[in-house]
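Please have the structure open as you read, and follow along point by point.

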Amino acid sequence: MEKYIQMPITEEVTADLKSGDYVYLTGTVYVARDAAHKRMTEALEKGEELPIDIKNAAIYYMGPSPARDGRAIGSAGPTTASRMDKYAPLLLDLGQKAMIGKGKRSKEVIEAIIRNRAVYFAAVGGAGALLSKCIVKSELVCYEDLGAEAILKIEVSNFPAVVVIDSEGNNLYETVAKK
Amino acid sequence: MIRSIDVNLVSEQIKEMCIEANYYLSKDMNAALKKTEENEKSDLGKKILSQLQENLKVADKESIPICQDTGMAVIFMEIGQDVHFENGNLEESVNEGVRRGYEEGYLRKSVVKDPIFRENTKDNTPAVIHYSIVPGDKVKITFAPKGFGSENMSRIFMLKPADGIEGVKNAILTSVSDAGPNACPPMVIGVGIGGDFEKAALMSKHALTRSVEERSPIPYVQKLEEEMLEKINALGIGPGGLGGNATALAVNINTYPTHIAGLPVAVNICCHVNRHAVRIL
């Protein structure tokens, strides 16, 4: 089923999404990958505040190529989500509602998705040029020293993705593998 | 006769290849994606394959790298034994080419200085360079930037001779099956069979630079390449790992003599953005 979704995303919306749905995302999304997740986790361990508003947030696992003049962003496709598995459950428990990436997730992440009624979307890996057309704005939030791994806040418009793991834990990758 | 080559020429060529490889796929890769879309049975799979081709058009027309992971710079240099490099350090000239290519080409800098402390070098250097000395007075440079979504799913197996060709098939299928959606299918599978530990790995990487339309000249290897492609595409992983029959575009296998006690098999997986540029100086 095709659905048009507004970001950030609430539990009422994630509850309606089913594994296999084709969605178009519009609104505000944070961008963070390996090094930024490590730093956010370390900040929490030290009792510091997160640099992003985590409640109902969507995090896109991505590190863009540099933007040419006049463009919002460079190539901007998803990175492999499993590298964030170590950090994701903690952020989901703090209120994060959506993850956008590609590839399999761990049992711990799937449990955290169910526990928090969250959702995992996959975007098409290796289609970074095409996906960049759906990103209309991008601004640096923090960790600029990390280069391509800095945290960004982006505005997306009809960004295509597929619901892989829904809030009940149904997993499209598993369904497909069983066929 | 010794032929002299200015290392600045090497830098210039590498710079151009960084940009060329990251913005345009080779003809064989373009053709393979098109053919795969025609043969795909899953509707979602077909849609993704069409998006991947659209992505290539956008990359070309609007000068946006095909994939944001513009890779670690892998370079094969086949150097004729009658060549002498002048005006500087060859390795430094290669890295200078990478530095300029990644900066001028708006390519992502994805290399960290130390694997544990992980500070970004901010210019995508150093490159991974494989030199070989060959007869003649030419230099063949193959630039193959490698993204790590697929690199991370690559494997090496030190099989026993008794495992035989069935063991090899099993190793390839296991690697692809484990890679699944993580490696951005449809993939290209590079395989190295024989040699020793590092020779197998190097062969598997080099196999990825061969055209996906070109089969091995060794009859049993050619048969193995064809059989493995069929078996991989029967796994059902499909484009993006979301189901379908297009899981791989090609299986390229290289072999080498090995030790009486061993059967090394390396499987280097590449995503559908299998990039390379070649220049002969």
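1. Let me begin with one residue: Ile5(B) sits in strand E1 (residues 3–6) of chain B. Helices and strands here are DSSP runs, H or I of at least four residues for helices and E of at least two for strands, numbered from the N terminus. Leaving aside residues up to four places away in sequence, Ile5(B) touches Val83(B), Phe85(B), Val139(B) and Leu281(B). Two residues are in contact if their C-beta atoms, placed from the backbone, lie within 7 Å. From C-alpha to C-alpha, Ile5(B) is 6.2 Å from His84(B), although 79 residues separate the two in sequence.

2. A word on provenance and numbering. This is a predicted model, in which local features need pLDDT of at least 70 and side-chain atom pairs count only at pLDDT 80 or more, while totals for chains, interfaces and linings use all residues. Residues are numbered from 1 along each chain as its sequence is written, and chains are lettered from A and ligands numbered from 1 in the order in which they are written.

3. Chain B as a whole has eight helices and ten strands. Its radius of gyration is 19 Å, close to the 19 Å that the globule rule gives for 281 residues, so chain B is as compact as a globular protein of that length. The radius is taken over C-alpha atoms, and the rule is 2.2 Å times the number of residues to the power 0.38. Along the principal axes, the C-alpha atoms of chain B fill a box of roughly 55 × 50 × 40 Å. Of its 281 residues, 49% count as buried. Among contacts in chain B with a separation of 6 or more, 81% are between residues 24 or more positions apart.

4. Now to a sheet of chain B. Four strands in the order E4-E2-E5-E10 make an open sheet with mixed pairing; two strands pair if DSSP finds at least two bridges between them. At the edges are strand E4 (128–134) and strand E10 (277–280), each pairing on one side only. Neighbouring strands of this sheet are turned by 15° against each other on average, direction ignored. Strand E5 (residues 139–143) of chain B runs antiparallel to E10(B), with four bridges, and Phe143(B) stands opposite Ala277(B) in E10(B).

5. Another open sheet of four strands in chain B has the order E6-E9-E7-E8, also with mixed pairing. Axes are lines fitted to C-alpha atoms, for helices over the stretch in contact, and angles run from 0 to 180 degrees between N-to-C directions.

6. Chain A has six helices and seven strands. In sequence order, its pattern is β-α-β-α-β-α-β-α-β-α-β-β-α. Buried residues make up 50% of its 179 residues, and its C-alpha atoms fill a box of roughly 45 × 40 × 30 Å along the principal axes.

7. Finally, the interface. How many residues of chain B are in contact with chain A? There are 37, and they meet 36 residues of chain A. Helix H3 (residues 43–62) of chain B gives the largest share of the chain B side, seven residues.

Definitions and conventions
A residue is buried if 20 or more other C-beta atoms lie within 10 Å of its own, exposed if 12 or fewer, and partly exposed in between; C-beta atoms are placed from the backbone.
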